[in-house]
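User: I am new to this structure and would like a close look at a single part. Please take it slowly and connect it to the rest.

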Amino acid sequence: MTRVLLFTGKGGVGKTTLAAATAAQLAADGRKALVVSTDPAHSLGDALGVPLDGRPSEVDSGLFAAQIDPRDLVDHAWHDLRGHLRTILAGAGVDELDAEELTVLPGVEELLALAEVHRLAHAGPWEAVVVDCGPTAETLRLLSLPEAFAGYLERLFPTHRRVVRGLLAGVAGTATVETWDATADALGRLAEHLDALRAMLTDQTSTSVRLVLTPERVVAAETRRTLTALALRGIRVDGVIANRLVPDAGAEFGESAAWLRTRRAEQDAVLADLRRSAELTGVGEGAMRVVDHRAAEPVGVPALLDVAAQLYEGADPLSGVESSAAPMLEVTGGGRGAEAEYTLRIALPLGDDTALDLARVGDELAVTVDGRRRLVALPPLLRRCVVTGAEMDETGLAVSFRPDPNLWMR
């Protein structure tokens, strides 16, 4: 099974360099590795010192690289499906202009880029695919798209309608049974792709995220929120990399020594706090790696291998820290009849300043953390219960339930 590593971090922290260095080290160790960028900044080629396009090309022995162009994917992969959707919507009475607008879905470029990563991971001979993602805000949106699109697709064209050939042909007016069959096929393939993407992202054995930061409090605060957001989505983080750590000040630094000591002390304090946040997510002890600030920008494979030597210190770049997180959901409690009491534990790393909101939506619990929302399906035991309270601490949420008297008697 191909190993997939996703590198992300706040813009400008050096994630592209570290992703490229990781892939270069894998290739130097005798493994075929592909480093691919979904970042619109298109800086992967600059880091490797070679021009890149959307097709994987061999940069060095065993090292392949590609720069995905989402716009090109939209022009090709999305074009046919948009045509099918426009036909169905227009036939159902939706104005032609409205049908055109409805099929221009926000995020489709990023979704297709992620789908291309999935395709490359399964189509090539590589043992590992290292992905240089966009900045964290864009990456979190990217990683939530498969689930969001799947929900959109199910509401627009439910599965039970897609599997019945020609069922909506009459509703679609001018659309023929053949047109609907073609559309149903296209929608079915899209649904399968979305399921495959979600499975890839949440596969705890083959896919993981490595967060890159510089040791600054603003950047570390964003990293802590990212750790929580990824835990909320069930996506594994197997490492945190602190880049551009200033050197320890010695006598050779002269008058600059005091400034360097102060700066290094601040960085060490930030890293100590961040290690604790990382451990709360189950990333575990030893999750933090550091890379020194270099005088010269590392460009090209030899310079990237020098970075990788410090980053991994001879360890296997694929052997990230194993997750030891508690189960995402755990139900405890019990009792007799309507007097029973249950607690749903949702394991999430939460800070004192975390903005949290909970809402019951049918058989799901809508959990919103720092503006990022996810619907969590309630276990069957709790679907006939009502929420009676909730508490939070640094390790997660504890939501209290009691049987709903109106449902219990049915």
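In which segment does T2 have its place?

Analyst: T2 has its place in the segment before β1 (3-9). Helices and strands here are DSSP runs, numbered from the N terminus (helices: H or I, at least four residues; strands: E, at least two).

A word on the model comes next. It is predicted, so to speak of local features requires pLDDT of at least 70 and side-chain atom pairs count only at pLDDT 80 or more, while totals for chains, interfaces and linings use all residues. Residues are numbered from 1 along each chain as its sequence is written, and side-chain values use heavy atoms, with hydrogens and water left out.

Back to T2. Its relative accessibility is 19%, and T2 counts as buried. The classes are buried (under 20% relative accessible area), exposed (over 50%) and partly exposed in between, with a 1.4 Å probe and protein chains only. The backbone oxygen of W126 is reached at 3.5 Å. Polar contacts are pairs of N or O atoms within 3.5 Å; within protein, one atom must be able to donate a hydrogen and the other to accept it, and residues adjacent in sequence count only if both atoms are side-chain atoms.

The surroundings of T2 also include residues in contact (heavy atoms within 4.5 Å). Leaving aside neighbours within four places in sequence, T2 is in contact with A121, W126, E127, A128, V129 and S206.

Helix α5 spans residues 108-123, and V117 is found there. V117 is buried, at 1% relative accessibility. Not counting residues up to four places away in sequence, V117 touches V36, T38, I68 and V131. V117 and S37 are 80 residues apart in sequence, yet their C-alpha atoms are 9.0 Å apart.

Now the charged pairs. A salt bridge is a side-chain nitrogen of Lys or Arg within 4 Å of a carboxyl oxygen of Asp or Glu. The count comes to 16. R3, R210 and D238 are linked in a network of such bridges. Within it, D238 and R210 meet at 2.9 Å, N to O. D238 sits in strand β7 (residues 237-245) and R210 in strand β6 (residues 207-213), so the pair ties together parts 28 residues apart in sequence. Both D238 and R210 are buried.

Another pair is E339 with R402, at 3.0 Å, N to O. E339 lies in the loop between β9 (329-334) and β10 (341-347), and R402 in strand β15 (residues 396-403), so this bridge ties together parts 63 residues apart in sequence. E339 is exposed, at 58% relative accessible area. R402 is partly exposed, at 28%.

D393 forms a salt bridge with R345, with closest N and O atoms 3.1 Å apart. D393 belongs to strand β14 (residues 385-393) and R345 to β10, so parts 48 residues apart in sequence are tied together.

Helix α9 covers residues 217-232. Its 16 residues should span 22 Å at 1.5 Å a residue, and its end C-alpha atoms are 23 Å apart, which agrees. The expected span is 1.5 Å times one less than the number of residues. Among the buried residues of α9 are V219, A220, E222 and L232. After α9 comes G234, with a positive phi near 75°.

Strands pair if DSSP finds at least two bridges between them. Strand β11 (residues 356-361) pairs with β12 in the antiparallel sense over six bridges. D357 stands opposite T368 in β12. Two residues lie between β11 and β12 in their hairpin, where G362 takes a positive phi near 60°. β12 also joins strand β13 (residues 372-377) by six bridges, and these two run antiparallel. L365 stands opposite V376 in β13. This hairpin also has two residues between its strands, and D370 in the turn has a positive phi of about 50°. Strand β12 (residues 364-369) is mostly covered, with five of its six residues buried.

Finally, the whole. The protein has 12 helices and 15 strands. Of its 410 residues, 46% are buried. Among contacts with a separation of 6 or more, 69% join residues 24 or more positions apart.
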